[in-house]
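Subject: Structure for your review

Dear colleague,

Please find below the sequence and the structure that I am handing over to you. My findings follow directly after it.

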Amino acid sequence: MVEKELKARNGLSVLVIGIIAYIAAIGLIVFGASLLENEKSLGAIPLVIGIVYMVVGIFPFIGLKVIKPEEALVLTLFGKYTGTLKKPGFYYVHPLSVAVNPASGTTLGQSSDVKKSGVSKQQNYSLESLNKKISLKVMTLNNGKQKVNDRLGTPVEIGIAVIWRVVDTAKAVFNVDNYKEYLSLQADVALRDIVRIYPYDVAPDIDTTGDGIPDEGSLRGSSKEVAERIKHEIQAKVKHAGIEIVDARITNLAYAPEIASAMLQRQQANALVDARKLIVEGAVGMVEMALDRLKEFDTVNFDEERKAAMVSNLLVVLCGNKDVQPVVNSGSLY
């Protein structure tokens, strides 16, 4: 189904003509009633015409439609798609035309479906169901957090925000049953498909790009790349539903609660090992520099045993966690 623009009449002219016709019908009723009061039988004709029009004259007003900016109305006539009103204005369409929007009344965690204050959930659902217009505005879908296993099988909790809009109203209405629910489901599926490709943290021998070469891609370190792949994955799934994915962003990323404590201890241990490694490398460099300077200026001559003792003392001082307690040696090492 391809969207086509409906060529509709100006609603203002039809409204003016309809009001004038109603005034004329009221005049006929008054005129006919006055003739009957004068016992003239011809007064029944204008009276009947006026009354009949007062009853059926409301029918053309049903075809008056108001379209606001960034709104659309998909219309069918006797089951056939006649077109879409997208330009803002006041229009007149066939009174028997029916507006179609299967997603009206469907509320998701998104900007256009927020419950109005002071309106109950049932009342809000009824109001949305009566409104068959399709919003063309850019909207945000937030399905909440999901628990997904990453590339290494580690359970993580992740949530995304999807920025989207309807670009083809005919596809959105006729190609899928409910385009809002369809988008929500496909966003969840795409999120799971992409998350399974990446580990939470950088892991060795993991290929996340599909080129057969291990890389450093991860959910935590490559969030922009992950979000971009999720965006393209969702777009591929909802393209035939007339929806454009403007952007996608990761809003929440964490280990699942059942392993969060253990993974935190692991991260702390890795950080401690890295810190100790850096301290030892620096301490060894400083000891080498000290020995080289002493030898260069011939300040002290050490034999191997004294050199080993000095190295040991310097490493203890440089690598220790506590302040050094100096000891004055007044005797000989031997």
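In this predicted model, helix H1 passes helix H2 in a left-handed crossing. H1 covers residues 11-37 and H2 residues 44-56; the two pack at an angle of about 145°, and their axes are 7 Å apart. On the H1 side, the residues that meet H2 include Gly18, Tyr22, Ile29, Phe31 and Leu36. Their counterparts in H2 include Pro46, Leu47, Ile51, Tyr53 and Met54. The residues of this contact comprise 16 nonpolar and three polar ones, with no charged residue.

The largest nonpolar core contains 39 residues. Those with the most contacts inside it are Val162, Trp164, Tyr179, Leu183, Ile234, Ile243 and Ile245. Two or more residues come from each of several elements, among them strand S10 (155-166), helix H5 (179-195), helix H6 (223-238) and strand S11 (243-255). H5 gives the most to this core, namely seven residues. Beyond its neighbours within four places in sequence, Ile234 is in contact with Ile160, Val162, Leu183, Gln186, Ala187, Ala190 and Ile245. Another core, of seven residues, lies apart from the largest one and includes Ile67, Leu75, Leu85 and Tyr91.

As to confidence, the protein chain has an average pLDDT of 82, and 85% of the residues score at least 70. Over residues 114-129, however, pLDDT stays under 50, and the model has 13 contacts beyond four places in sequence for this stretch. Where pLDDT is low, predicted coordinates should not be read in detail.

With kind regards

Definitions and conventions
Residues are numbered from 1 along each chain as its sequence is written. This is a predicted model: local features need pLDDT of at least 70, side-chain atom pairs count only at pLDDT 80 or more; totals for chains, interfaces and linings use all residues. Side-chain values use heavy atoms; hydrogens and water are left out. Axes are lines fitted to C-alpha atoms, for helices over the stretch in contact, and angles run from 0 to 180 degrees between N-to-C directions. Helices (H or I, at least four residues) and strands (E, at least two) are DSSP runs, numbered from the N terminus. A crossing is left-handed if the near helix is turned anticlockwise from the far one by less than a right angle, and right-handed if clockwise. Contact means heavy atoms within 4.5 Å. Ala, Val, Leu, Ile, Met, Phe, Trp, Tyr, Cys and Pro count as nonpolar, Asp, Glu, Lys and Arg as charged, and the others, Gly among them, as polar. A nonpolar core is a set of buried Ala, Val, Leu, Ile, Met, Phe, Trp, Tyr and Cys residues joined through side-chain atoms within 4.5 Å. Buried means under 20% relative accessible area, exposed over 50%, partly exposed in between (1.4 Å probe, protein chains only). pLDDT is the predictor's confidence in each residue, from 0 to 100.
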